[in-house]
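Good morning, colleagues. I would ask you to keep the structure in view while I speak, so that each residue can be located as it is named.

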Amino acid sequence: MRDDRVFAYGATAGLLGDLIFADPRRGHPVAAFGRAAGAVERALWRDHRGWGALHTAVCAGGATAAAALAARAVRGRGTASVALTAATVWAVVGGTSLGREARAIGDALAAGDVEAARERLPHLCGRDPQALDGPGIARAVVESVAENTSDAVVGALVWGALGGVPGLVAFRAVNTLDAMVGHRSPRHLRFGWASARLDDVAGAPGARLTAALAVVAGGDPRGAVRAWRADARKHPSPNAGPVEASFAGALGVRLGGTLSYGGRVEHRPVLNGGGRAVEVADVERAVRLSRRVGGLALAVCAGGRLLYGAWKRRGA
């Protein structure tokens with residue numbers, strides 16, 4: 001079976017698997033990678049960028065090499081290759097769990113139980129829940145859904161289309177390392193620099209595709225384009241900026257503003273300043289938009305891989 005069909009069939013099956021089964025509560029492969037990366041960090045940690053770069057190379061490089069060996073072992077065996085691709089896609093994407101967590105918080109807010117929403121918020125993002133009221137939690141959820149649509153779904157599909165199983169694993173490894181050590185804490189300011197910069201590079205294609213698909217899938221294409229063009233560069237993250245701005249415009253809401261991470265207060269620029277304040281009902285709207293974007297991303301990535309394969313065969 002041709003490689004382009006392997007990816008198309010495997011990615012479709014993997015996303016269906018995520019839709020049906022979501023993430024396992026125990027024994028998730030990404031969690032196992034995180035534990036291994038944590039052990040490597042304990043062995044290598046120094047307050048130095050070079051040691052952080054070594055940590056990134058060992059962890060991300062090791063995972064990618066293992067994936068390449070697995071892909072090579074099933075090469076030429078169509079069913080096995082599709083199964084490996086499907087299992088890998090299922091393991092590295094997390095769109096269904098993202099939607100479930102967001103909806104659980106939204107349901108708690110709708111029921112007026114702000115404390116329950118605060119308890120669940122750390123499952124979705126790193127904000128300080130005690131510093132947020134109900135509207136602040138709703139805004140944090142919408143922002144997290146937007147950003148994680150790129151990180152947990154679209155970015156993985158892009159790199160899977162480009163690099164197959166190794167591309168899928170490499171993207172998830174880099175993204176996981178950034179979540180672990182890429183934040184600007186005193187311990188990781190230097191050590192996590194390499195992981196954070198590599199994640200910026202790896203996440204760029206998926207973030208731009210996510211923003212573009214939010215324009216197509218959202219309810220206000222002109223508003224999404226306007227917010228993307230006007231506000232994306234104001235965000236401190238080069239990848240979260242386009243995604244959150246496009247989602248804000250598509251949903252007609254304001255995102256950004258003051259937030260708190262680990263006791264550190266940040267005053268971020270407002271995205272789509274002409275929109276209204278986020279309401280609890282916008283959590284469900286954001287989840288539905290995320291789902292539509294994920295479906296379109298599958299079509300774009302699988303279709304693009306098939307078209308590239310056809311073009312390559314014609315030129316052969």
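I shall go through salt bridges, an aromatic pair, a surface patch and several individual residues.

This is a predicted model, in which local features need pLDDT of at least 70 and side-chain atom pairs count only at pLDDT 80 or more, while totals for chains, interfaces and linings use all residues. Residues are numbered from 1 along each chain as its sequence is written, and side-chain values use heavy atoms, with hydrogens and water left out.

Let me begin with the salt bridges. The structure holds 15 of them, a salt bridge being a side-chain nitrogen of Lys or Arg within 4 Å of a carboxyl oxygen of Asp or Glu. In one, the side chains of arginine 187 and glutamate 41 meet at 3.2 Å, N to O. Arginine 187 lies in the loop between H7 and helix H8 (193-217), and glutamate 41 lies in helix H2, so the pair ties together parts that are 146 residues apart in sequence. Helices here are DSSP runs of H or I with at least four residues, strands are runs of E with at least two, and both are numbered from the N terminus. Glutamate 41 is buried at 9% relative accessibility, whereas arginine 187 is partly exposed at 38%. Buried means under 20% relative accessible area, exposed means over 50%, and partly exposed lies in between, with a 1.4 Å probe and protein chains only.

Aspartate 47 and arginine 190 form a salt bridge as well, at 3.2 Å, N to O. This pair links distant parts of the chain, 143 residues apart: aspartate 47 is in the loop between H2 and helix H3 (49-73), and arginine 190 is in the loop between H7 and H8. Aspartate 47 is partly exposed, at 39%, and arginine 190 is partly exposed, at 42%.

Finally, a network of salt bridges links Arg276, Glu279, Asp282 and Arg285.

I turn to the aromatic residues. The structure holds 1 aromatic pair. The ring centres of tyrosine 308 and tryptophan 311 are 5.9 Å apart and the planes stand at 35 degrees, so the pair is tilted. Rings of Phe, Tyr and Trp (its six-membered ring) pair if their centres lie within 6.5 Å; planes under 30 degrees apart count as stacked, over 60 as edge-to-face and the rest as tilted. Both residues lie in helix H11 (residues 281-315), 3 residues apart, about one turn of the helix. Tryptophan 311 is exposed, at 60%.

Next, the backbone. Most residues other than glycine have a negative phi. Alanine 22, however, has a positive phi of about 55 degrees; this residue lies in the loop between H1 and helix H2 (29-44) and is buried at 1%. Asparagine 272 has a positive phi near 60 degrees, and is buried at 11%.

Threonine 176 is buried, at 12%, and its side chain reaches the backbone oxygen of arginine 172 at 2.7 Å.

Key
A polar contact is a pair of N or O atoms within 3.5 Å; within protein, one must be able to donate a hydrogen and the other to accept it, and residues adjacent in sequence count only if both atoms are side-chain atoms.
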